[in-house]
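Please open the structure in your viewer and keep the sequence beside it. The tour goes from stop to stop, with something to select at each one.

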Amino acid sequence: MGVNGDDGLASTARMPGYAFRPYHGHEDHGAMAAVRLGCAERDRTDARSIVEGLPTAAEIGEATAELDDPYRNQVLVEHNGGIVGYSTIRWWQERDETWLYLHRGYLLPEHRGQGIGSAMLDWAESRIRRLVHRHGTARTAVLGANATASEQDATALLVASGYRRVFSLVELELDDLRQLPDRPLPAGTRVGAIAPSSYRAAWKTVVDSYAGAAFTERWTFESFLATADPTCWRAAWDGGHMAGVALCSIRRQKPTAGEVEELSVRSGSRRLGLGRALLLDGLRCLREHGAETARLYTGTANPHRSYDLYERVGFRRRNEHVRYRKPVTVRPTEAAPQRP
């Protein structure tokens, strides 16, 4: 296997016929996409998922470009000259100042049950421990991993390796936007498009709705603007006060599919029907711009019972995406200074 100790490859257990190597660049994207496709049947992957579907080679390239040093923070598994699996590491700071180091691995089903998945997990944990030491985040760092509820093999491996489930997201779909229920507005409110002058107020409305929520990533106004697609953004005002927002968009990869990215109502305006009115207005905007279906996701422990609202409008459950965590323990042999 690999010999670059800074990548953690040198410590990976040797298995006959298999080799771990670093990511080489765009030439790997097609093989990585093929791995994802090869896992789909066994893991019952939802190809239309907005959380984690079946990416193309181009989409894998886009995601890789967003990683910090993908040549060190991705590893590919080779067998007889072909790519049979890969793992990726990324990290961010959550609202409670926890540093989450998330690893995600994919391995073709016919290569499972031989210790390859465990070796991939060992590589990821070893690499993360080095990163934690380098970043100086040991006091607040945790290991994280994702698996959908249908990924039985990944789930079993994580649980056996000491990870515990901390939360999940449920993905829902409204499969026909032609028939939408009525949208009565609470008295004294109006709904309309969001002008650029109100972008910061819209961002603040969403951020405030997550105040006190666990396991949520910090979201800066600059990040909000970087991905802004305001065509189907809708806001509700109570007088001159922005009371809530529905941030909807057409999926770039599939123009007939819409997504409700955020639905947030300020605390003083909840339980009045405003969330429903905003949601339906956003869905109608998506329909007017060519969408035939819409998807969204929400936390299963959402205190505002948004799940109930979505089901009353006609959304139905499609997937559950689970986050697992495990404490980070930096070993003395992994704490030596590393190259920048």
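Is Arg 271 buried or exposed? Select Arg 271: at 68% relative accessibility it counts as exposed, where exposed means over 50% relative accessible area, buried under 20% and partly exposed in between, with a 1.4 Å probe and protein chains only.

Before the next stop, a word on how to read the values. Residues are numbered from 1 along each chain as its sequence is written, and side-chain values use heavy atoms, with hydrogens and water left out. This is a predicted model, in which local features need pLDDT of at least 70, side-chain atom pairs count only at pLDDT 80 or more, and totals for chains, interfaces and linings use all residues.

**The whole chain**

Zoom out and colour by pLDDT, the predictor's confidence in each residue, from 0 to 100. The average for the protein is 90, and 91% of the residues score at least 70. Then select residues 1–5, where the pLDDT is below 50. Beyond near neighbours in sequence, this stretch has 17 contacts in the model, a contact being heavy atoms within 4.5 Å.

Switch to a cartoon view. The protein has 8 helices and 12 strands; these are DSSP runs numbered from the N terminus, helices being H or I with at least four residues and strands E with at least two. Along the principal axes, the C-alpha atoms fill a box of roughly 70 × 40 × 35 Å. Of the 340 residues, 50% count as buried. Among contacts with a separation of 6 or more, 72% are between residues 24 or more positions apart.

**Two loops with a positive phi**

Most residues other than glycine have a negative phi. Go back to Arg 271, which has a positive phi of about 65° although it is not a glycine. Its place is the loop between strand 10 (257–265) and helix 7 (274–288).

Next select Glu 97, in the loop between strand 3 (82–93) and strand 4 (99–107). Glu 97 is not a glycine, yet its phi is positive, about 75°. With a relative accessible area of 42%, Glu 97 is partly exposed.

**A buried loop residue**

Move to Thr 137, in the loop between helix 3 (116–135) and strand 5 (141–148). Thr 137 is buried, with a relative accessible area of 9%. Show its surroundings: leaving aside neighbours within four places in sequence, Thr 137 is in contact with Trp 99, Tyr 101 and Val 132.

**The aromatic rings**

A pair of aromatic rings is described by the distance of the centres and the angle of the planes. Rings of Phe, Tyr and Trp (its six-membered ring) pair if their centres lie within 6.5 Å; planes under 30 degrees apart count as stacked, over 60 as edge-to-face and the rest as tilted. By this rule there are 9 aromatic pairs. One of them is Phe 221 with Phe 224, a stacked pair at 5.9 Å centre to centre and 20° between the planes.

Which helix holds Phe 221 and Phe 224? Both lie in helix 6 (residues 221–226), 3 residues apart, about one turn of the helix. Phe 221 is buried at 12% relative accessible area, and Phe 224 is buried at 2%.

Now select Tyr 199, Trp 203, Trp 219, Phe 221, Phe 224 and Trp 233 together: ring pairs link them into a cluster. A charge sits over a ring if NZ of Lys or CZ of Arg is within 6 Å of the ring centre and within 35 degrees of the ring normal. Elsewhere, Arg 36 lies over the face of Tyr 106, at 4.0 Å from the ring centre.

**Strand 9 and two cysteines**

Select Ala 246 in strand 9 (residues 241–250). Ala 246 is buried at 0% relative accessibility. Not counting residues up to four places away in sequence, Ala 246 touches residues including Cys 232, Trp 233 and Leu 278. Ala 246 and Asp 281 are 35 residues apart in sequence and 8.3 Å apart in space, C-alpha to C-alpha.

Finish on Cys 232 and Cys 248. Cys 232 is buried at 1% relative accessibility, and Cys 248 is buried at 0%. How far is the sulfur of Cys 248 from the closest cysteine sulfur? That sulfur is in Cys 232, 6.7 Å away, too far for a bond. The structure holds 0 disulfides, a disulfide being a pair of cysteine sulfur atoms within 2.5 Å.
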